[in-house]
Amino acid sequence: MTAINFYILAAHKKLMPFVCQLTQTVLQKSDDSLIIVTPTAVLEPLDERLWSFSDTAFVPHTVIQTPQDLAQDALASVLLTDNPDLLEGFDGVVMNLTTEPLLTFVEANVGVKLLEIIAADELSLVHGRQKYRHYREQCAEHPLQTFQIN
């Protein structure tokens, strides 16, 4: 079963620093690779932020946008993409920053973890509620957990 965790950020929590922090936590607590699926507009800023999110820390990663990129960088611990089709066959942790649920990924994979990050702005909350409903209704056998991040 795919575990689906929702992280709902408080108004004072900023998306990019939280994503960097959670990425670092996933790497420290798991041997799994991580793919972060993000809207195209967020891809470059997140790429830059992961390299410099702290004076003393950074997260090595690779941006992938095609199956060839994925094949070439398959051993990287953290991958960034704006192409959810690249999740096919992936068996690690997926962080979803897009507005769409990753139903195909959830239904096709067993024993993986999906992290849904929901920012505090109203539009993100609306999309987050919609994604939660989709998962609850269409992927009922997969456990859903919600974490309020203050």
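**Helix packing and selected residues**

Analyst: In this predicted model, the buried residues of α2 include Leu43, Leu46 and Leu50.

User: Which elements are included in what covers the buried residues of α2?

Analyst: The buried positions in question include Leu43, Leu46 and Leu50 of α2. Their cover includes one helix and several strands, namely α1, β2 (34–37), β3 and β4 (78–81).

User: Are α1 and α2 parallel, perpendicular or oblique to each other?

Analyst: Two packed helices are described by the angle between their axes and the distance between the axes. For α1 (residues 15–29) and α2 (residues 40–52), the axes come within 10 Å and cross at roughly 60°. Angles of 65 to 115 degrees would count as roughly perpendicular and those under 35 degrees as roughly parallel. The two helices, α1 and α2, are therefore oblique.

User: Is the crossing of α1 and α2 left-handed or right-handed, and which residues make the contact?

Analyst: As α1 passes α2, the crossing is right-handed. On the α2 side the contact is made by Val42, Pro45, Leu46, Arg49 and Leu50. On the α1 side the residues are Met16, Pro17, Val19, Cys20 and Thr23.

User: How do the residues of the contact of α1 with α2 divide into nonpolar, polar and charged?

Analyst: The contact draws on residues of α1 such as Met16 and Thr23, and on residues of α2 such as Arg49 and Leu50. Sorted by type, the residues of this contact are 8 nonpolar, 1 polar and 1 charged.

User: How many disulfides does the count come to?

Analyst: A disulfide is a covalent bond between the sulfur atoms of two cysteines. The criterion applied is a pair of cysteine sulfur atoms within 2.5 Å. Cysteine 20 is buried at a relative accessible area of 0%, and cysteine 139 is buried with a value of 0%. By the distance criterion, the count is 0 disulfides.

User: Is histidine 61 buried or exposed?

Analyst: Histidine 61 sits in the loop between α2 and β3. Leaving aside neighbours within four places in sequence, histidine 61 is in contact with Asp47, Leu50, Trp51, Val78 and Leu80. Buried means under 20% relative accessible area. At 9% relative accessibility, histidine 61 is therefore buried.

User: How far apart in space are histidine 61 and aspartate 73?

Analyst: Histidine 61 belongs to the loop between α2 and β3. In sequence, histidine 61 and aspartate 73 are 12 residues apart. From C-alpha to C-alpha, their separation in space is 9.6 Å.

User: Is aspartate 55 buried or exposed?

Analyst: Aspartate 55 lies in the loop between α2 and β3 (62–63). Its C-alpha is 18 Å from that of lysine 14, and the two residues are 41 residues apart in sequence. With exposure set at over 50%, the relative accessible area of 85% makes aspartate 55 exposed.

User: Which residues does aspartate 32 touch, not counting residues up to four places away in sequence?

Analyst: Aspartate 32 is located in the loop between α1 and β2 and is partly exposed, with a relative accessible area of 38%. Aspartate 32 and serine 77 are 45 residues apart in sequence and 7.5 Å apart in space, C-alpha to C-alpha. The residues that aspartate 32 touches are Gly92 and Val93.

User: What is the relative accessible area of histidine 142?

Analyst: Histidine 142 is found in the loop between α5 (122–138) and β7 (144–149). Not counting residues up to four places away in sequence, histidine 142 touches Met1, Thr2, Ile4 and Val106. Histidine 142 is buried, and its relative accessible area is 8%.

Notes. Residues are numbered from 1 along each chain as its sequence is written. This is a predicted model: local features need pLDDT of at least 70, side-chain atom pairs count only at pLDDT 80 or more; totals for chains, interfaces and linings use all residues. Side-chain values use heavy atoms; hydrogens and water are left out. Axes are lines fitted to C-alpha atoms, for helices over the stretch in contact, and angles run from 0 to 180 degrees between N-to-C directions. Helices (H or I, at least four residues) and strands (E, at least two) are DSSP runs, numbered from the N terminus. Angles under 35 degrees count as roughly parallel, over 145 as roughly antiparallel, 65 to 115 as roughly perpendicular and the rest as oblique. A crossing is left-handed if the near helix is turned anticlockwise from the far one by less than a right angle, and right-handed if clockwise. Contact means heavy atoms within 4.5 Å. Ala, Val, Leu, Ile, Met, Phe, Trp, Tyr, Cys and Pro count as nonpolar, Asp, Glu, Lys and Arg as charged, and the others, Gly among them, as polar. Buried means under 20% relative accessible area, exposed over 50%, partly exposed in between (1.4 Å probe, protein chains only).
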